[in-house]
Structure formats: C-alpha cells, structure tokens
Amino acid sequence: MSIVWTILIGFIVGLVARAVKPGDDSAGFIVTTLIGVAGSLIVTYVGQAMGWYTAGQGAGFIASVLGAIVLLVLYGLIKRNKS
C-alpha cells in the first residue's frame, strides 16, 4: 500500500514542483505528473535508505518536491537541447 501513497503524493508533488519552478514549463499535465511520481519514488527511496527520514514525515514531502523540481529542470534542459 505504501507504493500507492508514494504515487499519489508524487502526483501532488509534480503539481507543486511545476508551480514552484520558475520559468516557462512546456511539459504537459501527464509529463509533469510522471516526473513528480518519479521524483517522489527516487527521493523517498534514497532518503529512507540513507536514514534521513522515515515514512510519513514532512521532510519526505519537501524532499520529493525538491527531487521533482530537479527532474523538471533536467527535462527542460534535455528538451531544449533536442530542439
């Protein structure tokens, strides 16, 4: 059940990251959601494996938003270089 919560939180994280990240974001709704889920999954796994926080702590949400912002920036750089 924790993976389902991680995905749902990732959806919210993607939307928050898109709102917080400065600049024009041409990624669509689905891409933003997928990037948010990926950021949430990666940062949740790394943060808990390193012992920085446990499941259910607020630090996990904040870290997920930061991870999604990083992925959105990388996505923008990759998309810009292809154009």
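Mentor: A helix crossing is called right-handed if the near helix is turned clockwise from the far one by less than a right angle, and left-handed if the turn is anticlockwise. With that in mind, look at this predicted model, in which H1 passes H3 in a right-handed crossing.

Trainee: What makes H1 oblique to H3?

Mentor: Helix H1 and helix H3, the latter covering residues 58-82, pack at an angle of about 60 degrees, and their axes lie 8 Å apart. Roughly parallel would need an angle under 35 degrees, and roughly perpendicular begins at 65, so a value between these limits is classed as oblique; H1 is therefore oblique to H3.

Trainee: Which residues of H1 and H3 make the contact?

Mentor: On the side of H1 they are Ile9, Ile12, Val13, Val16, Ala17, Arg18 and Val20, while H3 contributes Phe61, Ser64, Val65, Ala68, Ile69 and Leu72. The residues in this contact of H1 with H3 divide into 11 nonpolar, one polar and one charged.

Trainee: Why are H1 and H2 called oblique to each other?

Mentor: Helix H1 (residues 2-20) and helix H2 (residues 29-50) pack at about 120 degrees, with 7 Å between their axes. The roughly perpendicular class ends at 115 degrees and the roughly antiparallel class needs an angle over 145, so an angle falling between the two is oblique, and that is the description that H1 and H2 receive. The crossing of H1 and H2 is right-handed.

Trainee: Which residues of H1 meet H2?

Mentor: Among them, Ile3, Thr6, Gly10, Phe11, Gly14 and Arg18 in H1 take part, and in H2 the residues that they meet include Phe29, Thr32, Gly36, Val37, Ser40 and Leu41. The residues of this contact of H1 with H2 divide into nine nonpolar, eight polar and one charged.

Trainee: What makes H2 oblique to H3?

Mentor: H2 and H3 pack at an angle of about 130 degrees, with their axes 8 Å apart. Since the roughly antiparallel class requires an angle over 145 degrees and the roughly perpendicular class stops at 115, H2 is oblique to H3. The crossing of H2 and H3 is right-handed. The contact includes Val31, Ile35, Gly39 and Val43 of H2 together with Ala63, Ser64, Leu71 and Tyr75 of H3, and its residues divide into 10 nonpolar, six polar and no charged.

Trainee: How do you know that Ser64 counts as buried?

Mentor: Buried means under 20% relative accessible area, and Ser64 has 2%, so Ser64 counts as buried. Ser64 is found in helix H3, and, leaving aside neighbours within four places in sequence, Ser64 is in contact with Val13, Gly39, Ser40, Val43 and Thr44.

Trainee: Why is Ala63 called buried?

Mentor: The limit is again 20%, and the 17% relative accessible area of Ala63 falls under that limit, so Ala63 is buried. Apart from neighbours within four places in sequence, Ala63 is in contact with Val43 and Tyr53. The C-alpha atoms of Ala63 and Tyr53 are 9.9 Å apart, with the two residues 10 places from each other along the chain. Other buried residues of H3 include Gly60, Val65, Gly67 and Leu72, and the buried residues of H3 pack against H1 and H2.

Trainee: Does Ala49 count as buried or exposed, and what makes that so?

Mentor: Exposed means over 50% relative accessible area, and Ala49, with 55%, therefore counts as exposed. Ala49 lies in helix H2, where the buried residues include Thr32, Ile35, Gly39, Val43 and Gly47. What covers the buried residues of H2 includes H1 and H3.

Trainee: How do you know that the span of H2 agrees with its 22 residues?

Mentor: At 1.5 Å a residue, H2 should span 32 Å, and its end C-alpha atoms are 31 Å apart, so the two values agree. H3, with 25 residues, reaches 37 Å from its first C-alpha to its last, close to the expected 36 Å. H2 is followed by Gly51, whose phi is positive, near 80 degrees.

Conventions: Residues numbered from 1 in each chain as written. Predicted model: local features only at pLDDT ≥ 70, side-chain atom pairs only at ≥ 80, totals over all residues. Heavy atoms only, no water. Axes fitted to C-alpha atoms, helices over the stretch in contact; angles between N-to-C directions. Helix = DSSP H or I, 4+ residues; strand = E, 2+ residues; numbered from the N terminus. Contact = heavy atoms within 4.5 Å. Nonpolar A, V, L, I, M, F, W, Y, C, P; charged D, E, K, R; others polar. Buried < 20%, exposed > 50% of the residue type's maximum accessible area, 1.4 Å probe, protein only. Expected span 1.5 Å × (residues − 1).
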